[in-house]
Amino acid sequence: MKLKSIKEVITSGMFKGPLALGALLSFAVFPEGRASEKTGNSSKFINEESKSEELDPDKVTTEWNDTYLFSSREDASEELERLKKKPQEINETFRPKFENLSGSAVLGYLESEKDYSKSLEVMYTYAYTQLSKNVNESFFISLVGSAQDLLTEYKKARAFATVKLTSLGKEDWERLFSEEPGLKAYRAYLEANYIRFAEHRPVNESQAMYLAELENQRMKLETEALSQITNKVTRAGEITLENGEKFSVNSQSYNTLLSTDPSRENRKRCYDRRFYHLINESDSMAALYSQKARLDDLVARELKYTDFYDYTLYNLYLTHVQIDDMNAVFKQRKGVFEDYNEFRRKKLGLEALKPYDLMLQLTDQPGKKYAYIDALKEIRKSYSRMNPNFKEIFFKMVTGNFVDVYPDPEHGKQPGGYCTDSCALKAPPLIFINYDGLLRDQKTLTHELGHAVNFYLMGNSVDYLYCSGTIYEMEIPSTFNEELLVDHIVETSDRDTAVAVLSQQIDDYQNFFTRQPLITEFEYKAHRLCEEKETVSGAELNAIWTDLSKEYRSPSVEYYAEDSAEWTYINHIYLTSNYYTFNYAVSKAITLALFKQYREDPETFNKNYVAYLSAGSTMPPEAKLKKYFGIKINRQLFEDAMDIVELRIQELHKLAKEE
């Protein structure tokens with residue numbers, strides 16, 4: 001998952017880029033240039049060691065060293081005070097110039113906005129990443145809140161510019177471009193962030209400032225939700241295992257036990273403990289969610305969208321028809337997974353699958369864990385046919401204190417994983433994971449490294465303002481990396497491991513193409529309920545979740561009769577850029593199409609792929625896909641994705657026979 005950057009929310013209400021676990025994130029301070037399809041020279045952070053094929057275990061790091069952001073809390077606090085003065089200075093400098101707007105005034109404003117955005121992103125990166133390590137750390141709770149407030153004040157201070165730039169007509173823009181040649185480098189940026197939003201803009205400064213306040217409230221609710229999920233929702237208490245040991249159920253231990261414990265009774269006890277705990281937490285999370293849902297739709301309607309879902313699709317350059325077609329395909333073809341579910345049932349020797357059987361690794365040693373260094377070695381090998389940039393960035397990331405590796409939920413480390421935007425400071429990004437030695441953890445790691453490659457290539461190829469993309473675009477390199485790793489392991493490992501990895505990949509396809517669209521449909525129906533009712537209960541949201549689940553899930557799995565409250569712990573639905581998860585399905589369908597091209601002609605694919613990742617937001621997302629790969633987002637794309645899933649299932653059966 002990729003954290004959203006400050007520059008992505010500073011502009012006219014448009015959330016261009018992806019986000020993860022709720023923050024506005026990235027950082028940037030490298031020399032700017034025009035958009036380019038060529039990658040720049042490796043930054044000074046990519047050193048000679050990265051050219052070596054072998055990975056030295058003694059040089060692998062497992063914790064962040066982010067002193068290049070701020071060397072101390074005091075330095076961060078001092079910078080915060082400096083940044084608090086800038087919004088008013090920018091307002092006083094440019095407001096008079098916008099009364100009789102010229103091309104040079106627009107260019108000067110963009111450069112000023114860019115510089116401030118960079119500084120604020122460095123601040124937010126520091127605050128949010130540190131808070132991720134311990135969501136209860138009071139200093140960073142305060143610093144994140146201060147950065148959110150500062151962003152709100154800046155959006156208020158620049159409201160005059162937002163209103164002016166989104167109200168200009170075509171002739172006005174052509175005049176400005178002709179007056180100032182330097183503006184041409186930012187034409188695509190202005191198109192994407194201002195010109196395109198002429199029909200969805202604040203009508204005056206008062207409304208723009210009101211929207212900034214609403215956005216601040218949404219950010220605060222997002223932060224509160226993340227804290228609740230980490231401290232309460234995912235902490236389900238203790239169970240007693242069959243051997244008499246006490247076992248604490250939290251976000252990390254739950255996934256580990258259900259993935260590795262061959263004892264079905266232990267898995268059931270763990271599953272039950274959390275299943276009913278989530279139901280108990282559903283009322284409190286429903287209260288929080290309903291507050292945010294109402295604010296979401298209020299913001300959207302202020303900008304003349306039907307609702308926040310409509311707002312989201314417009315910002316992603318997608319249509320209702322495209323997503324409706326996607327959902328229809330995945331519902332109609334969910335039966336493709338029945339062959340795989342039957343394979344799982346037989347492999348486990350069960351009469352029927354229960355929900356606590358769906359995560360267990362299909363290997364002779366499900367409890368086997370893989371050392372972090374071994375996972376890194378396999379990931380490095382998976383890049384064997386990729387552009388050299390992949391290995392260069394990989395080596396720096398894993399040896400330069402840019403990955404925080406191990407879980408620590410008891411001391412407040414939040415669950416999940418993300419990668420910060422790195423179009424700044426000429427530094428690699430920061431990766432946050434909770435590596436526990438499972439096969440799935442290896443995929444999470446390579447997923448986040450895919451983001452890192454993308455950020456590095458953008459950061460050395462295009463202007464800072466173009467270092468972004470829509471959510472589904474930014475999830476393509478991460479999910480493509482997963483395909484690389486799976487293919488490598490299947491080709492080079494023993495049959496038992498290959499079967500385990502490929503079966504898990506098919507589990508993930510089932511997740512991408514059923515669960516992720518389900519989450520978005522849940523959000524839509526939940527938003528409608530929150531609009532209709534002043535008070536929404538957990539039971540009502542649980543019922544919506546369960547009813548929708550039946551449309552997507554397998555009929556061969558014996559789910560519980562009670563309504564499920566799984567929605568309560570899903571970070572994405574509380575984000576300021578919610579309606580996030582269907583993007584995973586879109587990106588995975590695109591990834592499977594790209595991977596087909598990669599297998600057919602690696603050399604040509606690499607050339608196009610590096611250019612694609614380097615281009616950032618210099619062109620609209622669908623135009624970029626068409627230019628480099630000839631791909632369109634339509635019903636056929638999703639049909640083709642399901643065809644590939646069928647082939648993967650056939651491949652699994654073949655491997656199992658060989659085994």
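Start by selecting α21 (582-600) and α24 (635-658): each supplies at least two residues of the lining of the largest pocket. Helices here are DSSP runs of H or I, at least four residues, and strands are E runs of at least two, numbered from the N terminus.

This is a predicted model, where local features need pLDDT of at least 70, side-chain atom pairs count only at pLDDT 80 or more, and totals for chains, interfaces and linings use all residues. Residues are numbered from 1 along each chain as its sequence is written, and side-chain values use heavy atoms, without hydrogens and water.

**The pocket.** Its space is about 400 Å³. A pocket is an open set of points on a 1 Å grid where a 1.4 Å probe fits, with protein on both sides within 12 Å along at least five of seven lines; lining residues have an atom within 4 Å of a point. The volume is the space filled by probe spheres set on the points. Now pick L592, A593, K596, D640 and I644, the closest to the centre of the largest pocket among its 21 lining residues.

**V336.** Next, go to V336 in helix α13 (residues 336-348). Is V336 buried or exposed? V336 is buried, at 14% relative accessibility; the cut-off for buried is under 20% and for exposed over 50%. Show M642, V645, E646 and I649: V336 touches them, leaving aside residues up to four places away in sequence. Contact means heavy atoms within 4.5 Å.

**The sheet.** Finish with the open, mixed sheet, ordered β3-β5-β4. Strands pair if DSSP finds at least two bridges between them. β4 and β5 (residues 431-432) pair antiparallel over two bridges. Select Y418 and its bridge partner F432 in β5.

Note on methods. Buried < 20%, exposed > 50% of the residue type's maximum accessible area, 1.4 Å probe, protein only.
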